Structures are given as structure tokens and as C-alpha cells.
Amino acid sequence: MASAKPGENGSSRIRNVGRAVFLGTGLLGAIVLIKTLYLQTFQHGKWLRRYEAQVYTQKRYHFFRKPIVDKNGYPLAITIVEKSVCADPIQVSNPAEAASTLSKILKVPEKTLMKKLSSKKRFTWIKRHISDQKAQLIKRAKIPGIYIIKDRKRYYPHKWLGGQVIGFVGSDGHGLEGIEKCYDHVLSGRESNKKVARDGLGRLLWAGAPEIWADKSELKLTVDSYIQFVSERAIQKCAEKYRAKSAQVVVLDISTFEILAMVNWPFFDPNLYKYYSPEAWRNRVIMDIFEPGSTFKPIVVAAALEEKILRPNSIIFCENGSFRVPGHTIKDVHPHGWLSLSDVVKFSSNIGAAKVAMQLGAERYYHYIRKFGLGSKTGIDLSGEARGIIRDWKSWRPIDLATAAFGQGIGVTVLQLAVTFGAIANDGIIKKPFIIKDHIKQNEGRRIMSRETAREIRKMLVRVAEKGGTGAAAVPEGYKVGGKTGTAQRIDPRTGKYSRGSYTALFVGFAPADNPRIVVAVVVHEPHGAIFGGVVAAPVFREIVQNVLPYLGIFPKSKVENT
Amino acid sequence: MGIRQGQKNSASDIPGRHVGREIFLISSILIAFGMVILFSASFLYSLDLNGNPFYFLKKQFCYGIVFFVVVFLTSCFPLKFYYRASKWAVVFFMLLLGGLLIPGVGTCYNNACRWYLLPGGVHFQPAEFAKVCWTVYLASALVRRQEKLASFTDGLLFYTIWASLLAGLILLEPDFGGALLIGFIMVVMLAGAGVPWRHFLVYLLIGALVFYFFVYRVDYRWERVISTYNPWDNPRAQGYQIIQSWIAIGSGGILGHGLGQGLEKLRFLPEPFTDFILSVVGHELGFIGMSFTMLFYLTFLLALYESWKGFRMPENRLLGLGILSLFAVQILTNGAIVVGLFPTKGLPLPFLSYGGSHLVAAGVMLGLWLRMIREERIGEWEWK
């Protein structure tokens, strides 16, 4: 080469520098790899734990409270998501301004808001369950520290329909009354924890639905919302017409003893439970006891027939309306002379019934009353059921035995009465009534009287609803029905004695007469203007039956013949 | 033709003559592998950003095509053209870098204004190209002024002032890593060109001064240095990046979480598809993937080194040394940063990181290298 010396010099120099750079590269590469290996093997567990701790978090999934549906699957109680306003008072920079803005939108007094916003808590509800429109307005106002969150709410789409039966849920999401309370453990959503990944900003990643979300089950009742509705409409008309204090209806399916309707008037809308008095929450059908009056007579007759003391055509002297029992006088509304047993029922003679009871004797009569399930719970799958009051026969005076024949001195619930008639209509087999559809399987019956006795009583009850009977007003056009009226004096809770102007009007019956499908018990407490079961309660029965039987596929006879 | 003749004549005495193909192949594989890792590291981020998981992959794919075009075009021109133009290119890029200092001209991310926004949404980072031009310029100038290198003022001091100008402009963006690279390349190439060793003693002094004024006295840099070795002092702020990188790599273990399975990229690991893309490799592919990647890079550097050993022409030898060092420093520094050996600097990993400028700059360097292999092979080095 021409420029040999500097060239050679530079040549070896650059070779050395290049070699140094390459060796340095290799050395640093090796160090990096060793450090990597160290991180990934020796320290692997440590970094993996840190990784899992920062990336994964436990998310609690809370399942929606199960819906309650009626027999046909129509919803009676559902859980919906609504918007709620809440606040972190510490972040609210100007409580006065925030309060005035919010009070304009929410129509809440400024003072209450001011109090909430100036507290030292980190969380407070401003208003729960507001409309989307209001939520939008609040969002747009952009008040610091005020948040809109999604909040679950139990909603009852049919409002008062079966309100007392369904009950309601408190703000903590647990049932406080009715089925919501009784089946809280079934309805309330299960919780499940799931490992969920999140990002560096703390946002959760969607990692698939938790298994429990697949659970779409619901609590199905035997209540049919149509029958419930029809019953409610009928009883409301009657209760308003006679300015009653309260009224109840039960509709029972005879073949299974499932509750088709359970009505308490005055109605109660569980959506607004806070605005009702706790009295209105009560499911009086199973909780309140009252004297059943003449509707009790079929029981004494059944006992007499079972014991073969009397036969349907045996005749009884009804003392022309006035019968002395030691210390007391029993009276009939209409005086009767000699009546057959069947007519005693048809004309509802107290004296006749009392005489039957006295022939039976206290012990046997008591035994039969208990056999009908009275004085003990029916065993319906609801909580809070009353037992009723049947005093032990040993403490009965003669007058007690006599009056017990027409339902005085005896306390029953509407449901007990309906079940009693259900047993008569079901050829003498009594069953536990139930309201949860799933409980149908474990429902074995118990015979309490012979098939013949039941048939004889049904014949008598059909006669009650014939022309001239006390229950003539209960017969819908085109159907034959059976039933019993009742008019009971109410005990004044203040004096403990029967009050003069206060009555309970009843009608309990079954339909259709030849092959009963349903039992309807109608009880109207303290009607004004009319007091008799045959006048007040029987038309309610008629209206219910008239609407329900075609719905069940049983059409009126005369109409069929005409067309 | 002369070319064919030259090939025949010099076939046996040039050791690295076939290596050009291997270098090209390895860099292509690295770019393809980079696309896979980039997609894994960026798809969730871009999904969150604009609903399109392929957003960054698409852009990087375009840059990849540009890379190959640039490699081809660069290798089309004779090296003497580059050597002659390099001085003016350095001046041109100094002007561009100076332009970035005018407020409102450059585009800034995280307080660093390093980019020109070109039409079509392309970000152009002049510093990346300035490095290349600087290397080419040094190669030509040091050979041309070989005789003057023995003098302290005409040699080391002269280039140090040049380098300080260039590095100062880059430092003002601020881009400390880029500035350091300019200085590092200069030192390597001055050493290679034959500057007396004793002159380098000055750098101890300058280095101490630079360290004091530009590192120790600049809070965030010093904190970065400190936090590299004591990240737990401030794990939520200065120590955050390195801790997250350790978590990513360490939790990967031998086999990794699986491609696309790692969750560190979900805004835990900062810059998961640019500066810390190697952490994602370690996170998702484990030590296996990490060592394969590093070995691939080392093979790439080895191939460069092997072919460099065959270079005869002084300019080419110097340029080769510069480009080899540039690649080596960028790759190794990035690796060392990611595992926590070096303080965190904004240095992309060649071929793997997202970004057009550094990829195209790498394309220019690779194109120059291929041209050097070709010219060495046909003996065209006697162009003077």
C-alpha cells in the first residue's frame, strides 16, 4: 500500500477497537442474559406473586334476586336496574350550590340535601331510584362529588295484585314481608367470587360471565294472576259498595289444593310499601282469625252423618225460632218448625244446627272439628299462619256446644275455611294447601270423611244456592254451584263482647256443583248497609265463579244449549 | 463487465463476502418477529385507544415495507456519494434538530419534542437519521484528515466540538439517550481512526463535567439513575418502570405466559411496544424467547463483525465500525435497561420496537452495509 505506515498503524488500531467493541457486546449480552435468567428462574416466584397481585382481583358477582312468577310464568316481582344519585360529601366543593341544583332537579328540599352534603361521610345516598331523565340532568350538571350509579330495585309490575301475599323487599335487598320474606333464602341472589383481570388504570376486564349468571330460575307460585285479578276486582266492588272494613278471598283448586288466588282488601302496593301502614302489609287470609258463623254448619252436619246419628232426610224441630239452652236463648232469623237436616243447612237454622251438635255431644263434635284441621295450622307454605281458636271440649258449657254448631266461639282463618270446604268438595280428602308450585309433589291427602258423606253435604250445599236458599245470589248464570252463607257478629275488641252493629258476611262455596273444580271463600268484615252473607258476600262469589270457570274451560250450560 | 470480473478476482480473499445475504435474512426475521410481538403488545392498547386492534400493527407493517425499500435504495448508490454528501447531511439534520427547538414546530409526547409530523400522520424523528449521518461523516472525514488526527486541537477537540453541537441539539429535545449515542460513536470512531490514546484522557474530565451538569443536576435524570438501583424507594413513580419490567420478565419464567396471554401490557408496563418490547418478549415467551431473541441479535452482530473483518477500504472500515457499534449499543443498552442494569432511557430496540424513524434509519445503515460488502467484493474501493 502507498501510505503504508499510517495505514498499517490505523489498520491494527481499528482491528483492535472493532474486536473490543465486539467483545464488549458479547460480554454485555451475556450479562443481560444472565440477569434475565436470574429474574426468570431464581426470582420467578417472587415476580409471579407480584404480577398476580397487581393484575388479578376478586370481583364479587351478586346474582339478581330471583323473580316471582305466577302459575303461567307472568312476573309478579322482578329485579330491575335503576339509577341512583349518591355523593362523596368530601369531594363536594360547594355544598350550597350543589344542594340547590340537585333540589331543583330532584324536587327534594334543599335543607335535607344540604345536611347530607355537608356531612363528613365518604358516601351518602342523595336519592335512590330516579328516572333516566333526571339522572341525565344531574350528569350534565357535572357537580363534583355527585355520582350516578346503577342500583337494583325490586319491582312489582302488577302493583297491588297479590301485594300482601308477595310481600316486599327492604332497601338492604332482603325480604321483609310475605313470600319475599318467607323465601328470602331461595330468592336472594347467590354471591360468587371470580378472579378478574384488571388493567393498570384499575379497570376490570370482561372475563366471561360467572357460572351463576346461567341460573335463570324463578320462584313460581300457584297463584293465577287472572284469577287473582278477577277476585280482587269482585271484592273491591263489594267492599266499596258496603264500605267494609276489610275483606278477603281465597280461591282454591280442589284437585291439588293449590291457591289460585289470595286476596286481601284494602289492597297494598309493595312498590310503595313505605306509604302504607304495617297493618296493610298483613296477609290476613292466613293471619287473622274470625268467627265463621253459619259457614261452620256443614261441619256439624258432616260429623252427624259420619257418626250415623242422622241422615240427610232426618227431621229436626226448630222450635219456631227460639230455643232455650241453660242460661241462653238461641234465635233464628226466620222462625222454622220441622226441618229436614238438609233444610237446616239450606235455611241456615241456628237452632237446628245447635240441636244436631247437642245430639253429637261435645267430645265427638270437638273431635270432628279438629279432624277438619281447624284449631291447627293448615300447613300452607307461607309463614305467619294462625292456628285458629278451638277451645278444648272439656271447658265447653252447653251453650258453647250449641253455639259452636253455627260457628260462634270458634276462631278460624279464611284459608282454614276454604280448606274445610275443599275437603267436602274433594270427596272427603283434605290436603295441605300450598302456594309454591314446586311443592305440588309432596302433597298427600288425608281422608276425613267418607265419600258418601261428602256427597250428601255437597247436595245440601247445592240446595243452599238454589231458589229460596240463603245463597241464591251466589249462582252465576248457566252454572250450578254449592256453598254456604254466613253472617257472624263481630267481637268488639274493646269490650270483648259481641257488638251490635258489626258483622262479618261470608260465603264459602264450590263450583261447579256436580264436579267441583274450585272452592271460593269470601269474607267481608264490617259491611255497612247490608250484613248478610247471602247479600254481601254471595254476589262476590258469583262474579268470581262466573269469570273463572270459563277460564278453566268449564262453560255455562244454558249458553251451550242455546247456541 | 467489470463487476463480474471483480467478483471473480476477489472471491477468495474476502472472508465476509456471502454474509450480506445472512445479514439481510436475520434482520428480516427480526422484523417479522417484531411484528408478532408488537401485535401482542399493542392490540389491547389500540383496541382501547381507537377500537382497532390492528392499528399499530398496520402502521408498523407499512414501516417494514419502507424499511426494505430503503435498504434497496440505499444500496443502489455508490458509497463515495454518501461520503461526499455526509457533511451537508449533518448540517441539514442539525438545522432540522434546531427547528424542533422552536415551540410549536415539533410534536411532543411525554414532554419530549422529538418529532416532525409529516403529512399522512407519519412521525419523523431527525435524531435517528442524524446518528447515521454523523457516523458516515466521521468515517469520511477521519480518513480524509488522517494526518491531522495526531494533533489534539485538529483531531479530538475538533470532532468533540462538532459532536457537542449535534448532541447538544438532541439533548435539548430532550433525548439524553440519543445524545449519548452521538458521543459514544464519536469516541469509538476516533479510537478506531488512530487518535492517540492519551488524548482520550480529556474525556474523563469532560465526562465528569457532563455527568455532573447534565445528569446529577437534572433532577429527573438523576432520579432515574438512582431509581435503577433503588427502585423500591419510589415504586409508584421513578421506580415504576423498572419494577414493572422486572415483574413482566420475572413472572414469565422459563416458558412465559404464552404469546398474547400476558397482562402486563395492560397499562402496567409502560411503553410495552416501544422501549420495553423486550420485557413483553420475556413476559410472554419466557427465558426461551428472551434468549432466542438475544442470540438472534448477537448472531446479527456477529455476521456484521465477520463481514467487517473483510473490509479493506479505510472509509468502509471506519463506517463499518461505526454502524456495528451503533447497532450493538442500541441493542445491548435496550436489553440492559429492560433487565434493570442501566438507567431508563428512551432508546428503541432496533427492528422490534414500534416506530418508523428508527426502523428506516436501521434500513439506511443496513443498505450502507450491503453496499459496502458489494463494493469491497468488486474491488471498487480504488475509486479514489
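Trainee: Is Thr135(B) buried or exposed?

Mentor: Thr135(B) is buried, with a relative accessible area of 1%. Keep in mind that this is a predicted model.

Trainee: Which helix does Thr135(B) lie in?

Mentor: Thr135(B) lies in helix 5 of chain B, residues 126-144.

Trainee: And what does Thr135(B) touch, not counting residues up to four places away in sequence?

Mentor: Thr135(B) touches Ile185(B), Met189(B), Leu319(B), Gly322(B), Ile323(B) and Leu326(B).

Trainee: How many residues apart in sequence are Thr135(B) and Leu318(B)?

Mentor: They are 183 residues apart in sequence. In space, C-alpha to C-alpha, Thr135(B) and Leu318(B) are 8.7 Å apart.

Trainee: Cores next. Which residues touch the most other members of the largest nonpolar core?

Mentor: Trp134(B), Leu301(B), Phe327(B), Phe351(B) and Trp369(B) do. That core has 134 residues. Helix 11 of chain B, residues 277-309, gives the most to this core, with 15 residues.

Trainee: Take Phe327(B). What is it in contact with, leaving aside neighbours within four places in sequence?

Mentor: Phe327(B) is in contact with Phe300(B), Leu301(B), Leu304(B), Pro350(B), Phe351(B), Ala362(B) and Met365(B).

Trainee: What about a second core?

Mentor: There is a separate one of 90 residues. Among its members are Tyr156(A), Ala353(A), Ala362(A) and Met449(A).

Trainee: New topic, sheets. What is the strand order in the five-strand sheet of chain A?

Mentor: The order is 9-8-18-17-16. The sheet is open, and the pairing is antiparallel. Strand 9 (259-265) and strand 16 (482-491) of chain A are the edge strands, so look for pairing on one side only there.

Trainee: How do strands of a sheet pair?

Mentor: They pair through backbone hydrogen bonds, either parallel or antiparallel.

Trainee: How many bridges join strand 16 to strand 17 in chain A?

Mentor: Nine bridges join them. Strand 17 covers residues 498-511, and the two strands run antiparallel. Ala488(A) stands opposite Thr504(A), which is in strand 17 of chain A.

Trainee: Which strands does helix 9 of chain A touch?

Mentor: Helix 9, residues 225-241, touches strand 8, strand 9 and strand 18 of chain A as it packs on the sheet. Its direction makes about 30° with that of strand 9.

Trainee: And helix 20 of chain A, which strands does it lie across?

Mentor: Helix 20, residues 538-551, lies across strand 8, strand 16, strand 17 and strand 18 of chain A. It runs at about 145° to strand 18 of chain A.

Trainee: Over to chain B. What is the order in the three-strand sheet?

Mentor: The order is 1-2-3, in an open sheet with antiparallel pairing. Its edge strands are strand 1 (107-109) and strand 3 (122-124) of chain B. Neighbouring strands of this sheet are turned by 50° against each other on average, direction ignored.

Trainee: Which residue stands opposite Tyr116(B)?

Mentor: Phe124(B), in strand 3 of chain B, stands opposite Tyr116(B). Three bridges join strand 2 (residues 112-118) to strand 3 of chain B. Helix 4 of chain B, residues 79-100, lies across strand 2 and strand 3. It runs at about 110° to strand 2 of chain B.

Trainee: How many disulfides does the structure hold?

Mentor: One, over all chains. It joins Cys108(B) to Cys113(B), with 1.9 Å from S to S. The link is right-handed, with 95° about the S-S bond.

Trainee: What is the relative accessible area of Cys108(B)?

Mentor: It is 37%, and Cys108(B) is partly exposed. Cys113(B) is partly exposed too, at 22%.

Trainee: Last topic, aromatics. How many aromatic pairs are there over all chains?

Mentor: A search of the whole structure finds 45. One of them is Phe168(A) with Trp281(A), 4.7 Å centre to centre. Their planes are 70° apart, and the pair is edge-to-face.

Trainee: Where do Phe168(A) and Trp281(A) lie?

Mentor: Phe168(A) lies in the loop between helix 6 (163-166) and helix 7 (178-182) of chain A. Trp281(A) lies in helix 10 (residues 278-281) of chain A, so the pair ties together parts that are 113 residues apart in sequence.

Trainee: Why does Trp281(A) count as buried?

Mentor: Trp281(A) has 19% relative accessibility, and buried means under 20%. Phe168(A) is buried as well, at 0%.

Methods: Residues are numbered from 1 along each chain as its sequence is written. Chains are lettered from A and ligands numbered from 1 in the order in which they are written. This is a predicted model: local features need pLDDT of at least 70, side-chain atom pairs count only at pLDDT 80 or more; totals for chains, interfaces and linings use all residues. Side-chain values use heavy atoms; hydrogens and water are left out. Two strands pair if DSSP finds at least two bridges between them. Helices (H or I, at least four residues) and strands (E, at least two) are DSSP runs, numbered from the N terminus. Contact means heavy atoms within 4.5 Å. Axes are lines fitted to C-alpha atoms, for helices over the stretch in contact, and angles run from 0 to 180 degrees between N-to-C directions. A nonpolar core is a set of buried Ala, Val, Leu, Ile, Met, Phe, Trp, Tyr and Cys residues joined through side-chain atoms within 4.5 Å. Buried means under 20% relative accessible area, exposed over 50%, partly exposed in between (1.4 Å probe, protein chains only). A disulfide is a pair of cysteine sulfur atoms within 2.5 Å. Rings of Phe, Tyr and Trp (its six-membered ring) pair if their centres lie within 6.5 Å; planes under 30 degrees apart count as stacked, over 60 as edge-to-face and the rest as tilted.
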